[in-house]
Amino acid sequence: MTVLVRGASLLGGPRADLLLDRGVITELGHLSAPAGAAVVDADGLLALPGLVDLHTHLREPGREDAETVESGTAAAAAGGFTAVHAMANTEPVADTAGVVEQVWRLGRDAGHCDVHPVGAVTVGLAGRQLAELGAMAESAARVRVFSDDGHCVSDAALMRRALEYVKAFDGVVAQHAQEPALTAGAQMNEGELSGRLGLAGWPAVAEEAIIARDILLAAHVSSRVHICHVSTAGAVDLVRWAKAKGWPVTAEATPHHLMLTEDLAATYDPVYKVNPPLRSAEDVAALQEGLADGTIDVVATDHAPHPREAKDCEWASAAFGMLGLETALAVVQHTMVEPGKLDWAGVADRMSVRPARIGRLPDHGRPLEVGEPATLTLVDPTARRTVQAADSLSRSRNIPYAGLSLPGAVVATFLRGRRTFGGRA
Amino acid sequence: MQHLLTIADLDREEAVRILDTAEEMARLTDRAIKKLPTLRGRTVVNLFFEDSTRTRTSFELAAKRLSADVINFSAKGSSVSKGESLKDTALTLEAMGADAIVVRHSASGAPHRLAHAGWVSARIVNAGDGTHAHPTQALLDAFTMRRHLGDLAGRRVVIVGDVLHSRVARSNVELLSLLGAQVTLVGPPTLLPVGVESWPCQVSYELDPALAKADAVTMLRVQHERMAASFFPSAREYARRYGLDSGRLRLLPDHAIVLHPGPMNRGMEITADVADSDRSVIVEQVGNGVLVRMAVLYLLLGGSGAAEEDR
């Protein structure tokens, strides 16, 4: 299949035509359509390298009522993603080569985007014994990112061993930073509002204490650590400090932590319940600043589907998590691009180039140049839409932005030259 | 007043109206036949996800004195423990035609969900939710204080104990400050919530200095299991530092009264001789609870024309 993309603005810069042929960008410039080529009019659209999500919950195997690899990756393609990292907290847990290969194959069969399973750090996410990280790394799924996400690897000795062990195959440990003893029963950000609402607090220090420890451990053993969903101003400062030292630390922020604040908990509507919790306006500002200056490497969605009954209840009984794949780019445009904190090249860097580098995905996050993979997304930055939960391709509906007007629209997504989202071709 | 979920739902005028209406209820029921026909044909459901015989009984008596039909719906085993969910219970009560639902729940915000999730059209009265709010307890406390002290503006009220886990303390601070009283919270720093410094009250870690000028002292229940979680070292140390005994009672001005929302841990936050002393109005609080709850149900369900029209 040959596709001519006509007149797209590359990363928000100069306009060009791109010829996508047999999975590769074969020509770039002012082109005429070869015979038989499908032509995509990209006048007024941006071309970005296909987005890469470092943090996705696809729920399969085990919770197919909430999401499947098929539905989750369809949502990913609709959000402009060409690769997602599927978190390990499935049932059974992705802690063996067998499970990660299953998820990888489901992703390949679905075909909406590349699925890179994340392997559990510890058996059953239980935090006691290392999972067979090497077997997962050597499997067909070629796992490079390991995480007990949802649970913190809180045992310092175990975390040290995990960091050391993954060096053998250039892996990275992605830490869900949450000191469990400080967050027992925690429901929302700890502060004046949690006290008033009577919801048990999730203090910033519980995140920052683990990040501080893991930064020092990573430096000590010279191994890569990645901090999942950084949510506090103090955590941004810690990562900034580590990077100033030249230590191998990377970090992500979620779209919801870049936009939403804890005030929403006053509705007691569990659609706003997430872990780590929505924080203060000062934390949101610090995350935006950290993303702008590169302290925060990556926007990662933490797309977390839950069945309706898990949110249609009282706050304390509700599940943590929000959908994010289909709204991530719009939220980044709204919070970062429109206020002038990040340009589109910066968006490409934080949502494609750097996550691909951290996940060691050689075919993603590539420049839009001749000879590179034809893996890209076309975005209409002038569009606006009112988010409707019912429009989602996810099986779940826990979208905190429903009813809000957000900018931008993904028009088409291409994975190695094949259109995975958007009308024709 | 559409629902009574927290004191924040009330302005000063509405709060005073409830207290005045409770006085009216006292006058009307101070006779051999205590029952009023006001809510005849209306259905009040007591929906208790948490055991509380005293609060449920108080609401039940209040509704019955107003001639409402009362159903006690004990939903033991909330959705947390795989029982019927809050939503399904609510839909059931809606189908049965409940006019008001009095709800007690261990989860903060559960009454708020009932009122705003679109599951029911009934009026919701919060009978205590998690560590959030207990507005009718605050109203009965204020009612009791008002009977002994008159107008509460400028009066000094000291609330002592486990503020962190207390919905009673939160609602009391909101209501008493709304009525113009000066509130001082006293407790160990571990049992005061983060952000308490921004509440409309004073905060102290020491009890004795707060007592000399107090017009009323409310002692909060302190559960023994807090000790296991290291909120304080031992029951004895807690009682020594924050318990109200006869020695401390003498520090109070002569007119000052002692309150407790119950149930008491005698020997822990309050000694038996103080609880049974003539300064204690703890038993009186129970009777006043019925009057205040009558006033709330009356105002929500039948009392004002506006309430009727906007249904």
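Which residue in strand 15 of chain A is the bridge partner of A:Ala253? It's A:Val299.

## Before we start

This is a predicted model, where local features need pLDDT of at least 70 and side-chain atom pairs count only at pLDDT 80 or more, while totals for chains, interfaces and linings use all residues. Residues are numbered from 1 along each chain as its sequence is written, and chains are lettered from A and ligands numbered from 1 in the order in which they are written.

## A buried strand in chain A

Five of its five residues are buried, so the strand is largely enclosed by the rest of the structure. Buried here means that 20 or more other C-beta atoms, placed from the backbone, lie within 10 Å of the residue's own. A:Val249, A:Ala251 and A:Ala253 point one way, while A:Thr250 and A:Glu252 point the other way.

Strand 14 of chain A has partners, too (strands pair if DSSP finds at least two bridges between them). Strand 13 of chain A, residues 225–227, pairs with strand 14 of chain A in the parallel sense over three bridges, and A:Ile227 has A:Ala251 as its bridge partner. To get from strand 13 to strand 14, chain A passes through helix 7 (residues 233–244), making a right-handed β-α-β crossover. Right-handed means that, with the strands pointing away from you, the path from the first strand over the helix to the second runs clockwise. Strand 15 of chain A (residues 298–299) runs parallel to strand 14 of chain A, joined by two bridges.

## The sheet in chain B

Over in chain B, five strands form an open, parallel sheet in the order 7-6-5-8-9. Strand 7 (202–204) and strand 9 (257–259) of chain B are the edges, each pairing on one side only. Strand 6 of chain B (residues 182–186) pairs with strand 7 of chain B over three bridges; B:Thr184, for one, has B:Gln202 as its bridge partner.

## Where things touch

Chain B is split into domain 1 (7–133 + 287–309) and domain 2 (135–282), with bounds from an automatic or database domain assignment. Their contact takes 22 residues from domain 1 of chain B and 19 residues from domain 2 of chain B. Contact means that C-beta atoms, placed from the backbone, lie within 7 Å. On the domain 1 side, helix 12 of chain B gives the largest share, six residues.

The two chains touch as well, with 23 residues from chain B and 17 residues from chain A. Helix 4 of chain B gives the most to chain B's side, with three residues.

Notes: Helix = DSSP H or I, 4+ residues; strand = E, 2+ residues; numbered from the N terminus. Buried ≥ 20, exposed ≤ 12 C-beta atoms within 10 Å, placed from the backbone.
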